[in-house]
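Work through these exercises with the structure open. Try each task before you read its solution.

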Amino acid sequence: MTAYLYAATRTPFGRFNGALAGTRPDDLAAAAITGLLDRAPALDRGAIDEIVWGNANGAGEDNRNVGRMAGLLAGLPTSVPATTVNRLCGSSLDAAMIGSRTIETGDADVVLVGGVESMTRAPWVLPKPSRAFPAGDVTAVSTTLGWRLVNPAMPAEWTASLGECNEQLQERFGVSRERQDEFAVRSHRLAAAAWDDGFYDELVTPVDDLSRDEGIRADSTVERLGGLRPSFRKDGTITAGNASPLSDGASAVLLGSESAAATIGLDPVARIAGRGVFALDPQEFGYAPVEAANRALARAGIGWEQVGAVELNEAFAVQSLVCVDAWGIDPEIVNTRGGAIALGHPLGASGGRILGTLAAVLRERDERYGVAAICIGVGQGLAVVLENTEAAR
């Protein structure tokens, strides 16, 4: 059996405390599912074999299996089962990988995958005391991003902040502040142009009067970004301008077998040609997509010379640049319609975004193969190779 991508959509990505701040994550997820199924009107909702959903937090309104909650809120039959997976920033790409494997084994014909994150609505949590009425103070911990309630047995170098880990990556590979800022400006410029060109019109489902990604700054310049203060080190290179912002949003992707085309009522857009996963020391997480993508390509039976488009999640400009350098590819094929620095990075939703965008870019550019890759906190990376079904004919 072979797994195919049939359709994809996402919500606009909202800024932290922005237009989607009042929208619960389970409602965001339901909006993405509804928008996806609107693109497949012939599909009997009861024919969906499973929902596999990604979410990085799960500490607030996204608790108790948000994938199941979203399916119910979207009006799917109660007979459609769902599970929620957590691989932090890679959660929805992991969901797609799991869903495609399920199809390939013959256990399912139609699988709905995706992910959601409301970083604005992520709660503060308190550790539960070991006995009632402790005498000391307790501290509320934000669950928006990064480590929390760290196990003291973990080595300190593993639990450094995401920004500090990428400053270490910058030192290792010598990526200048100017080069990072140039990369960030390119992301904003390409994202703005993509919206102006209508590229995202068919890929995005409006939510709560928000119809366009909220964080894009088309007027960004290297000079303007150069005036921002470093965020993690006094003499560092990483700023709010060359790193992805905190964001809210959801993405959804419809996968199916080749024979599922009749059930779905659509022709497949892309074939899942290869998958790769890799892990290394937690503080080196930004570099993990390098080997994950190499492994995905090997499983697809192709090399980088055959890749015409890359969607690499821009967690930080520096980690994106070191990955592109390591692959030795033309930077101009990477994130041609903007990346997470401009569009936003709602953790659990980003994998689905890059997968759906990659399928659309392959069609737009008439390229046969593309790679979607993402870095993941605590030292992991994921990648998927897509084959454009039109170019494969």
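**Exercise 1.** Is the crossing of helix 4 and helix 9 left-handed or right-handed?

*Solution.* This is a predicted model, in which local features need pLDDT of at least 70, side-chain atom pairs count only at pLDDT 80 or more, and totals for chains, interfaces and linings use all residues. Residues are numbered from 1 along each chain as its sequence is written, and side-chain values use heavy atoms, with hydrogens and water left out.

Step 1. Find helix 4 at residues 162–173 and helix 9 at residues 317–327. Helices are DSSP runs of H or I with at least four residues, strands are runs of E with at least two, and both are numbered from the N terminus.

Step 2. The two axes come within 9 Å and cross at roughly 40°. (Axes are lines fitted to C-alpha atoms, for helices over the stretch in contact; angles run from 0 to 180 degrees between N-to-C directions.)

Step 3. Helix 4 and helix 9 are therefore oblique to each other. (Under 35 degrees is roughly parallel, over 145 roughly antiparallel, 65 to 115 roughly perpendicular, and the rest oblique.)

Step 4. The crossing of helix 4 and helix 9 is left-handed. (The near helix is then turned anticlockwise from the far one by less than a right angle; clockwise would be right-handed.)

Step 5. Asn166, Leu169, Gln170 and Phe173 of helix 4 touch Val318, Gln319 and Val322 of helix 9. (Contact means heavy atoms within 4.5 Å.)

**Exercise 2.** Which residues make the contact of helix 8 with helix 9?

*Solution.* Step 1. Helix 8 spans residues 289–300, and its axis comes within 9 Å of that of helix 9, crossing at roughly 40°. That makes helix 8 oblique to helix 9.

Step 2. Helix 8 passes helix 9 in a right-handed crossing. Pro289, Val290, Ala293 and Asn294 of helix 8 meet Cys323, Ala326 and Trp327 of helix 9.

**Exercise 3.** At what angle do helix 3 and helix 11 pack?

*Solution.* Step 1. Helix 3 covers residues 91–104; the angle with helix 11 is about 65°, and the axes are 5 Å apart.

Step 2. Ser92, Leu93 and Ala96 of helix 3 meet Ser350, Gly351, Gly352, Ile354 and Leu355 of helix 11.

**Exercise 4.** Which helix gives the most to the lining of the largest cavity?

*Solution.* Step 1. The largest cavity holds about 60 Å³ of space.

Step 2. Its lining is Ala8, Thr9, Arg10, Tyr200, Leu203, Gly352, Arg353, Gly356 and Thr357. (On a 1 Å grid over the protein atoms alone, a cavity is a set of points where a 1.4 Å probe fits but cannot get out; lining residues have an atom within 4 Å of a point.)

Step 3. Helix 11 gives the most, with four residues.

Notes. On a 1 Å grid over the protein atoms alone, a cavity is a set of points where a 1.4 Å probe fits but cannot get out, and a pocket is an open set with protein on both sides within 12 Å along at least five of seven lines; lining residues have an atom within 4 Å of a point. Grid points are joined across faces, edges and corners, and a volume is the space filled by probe spheres set on the points.
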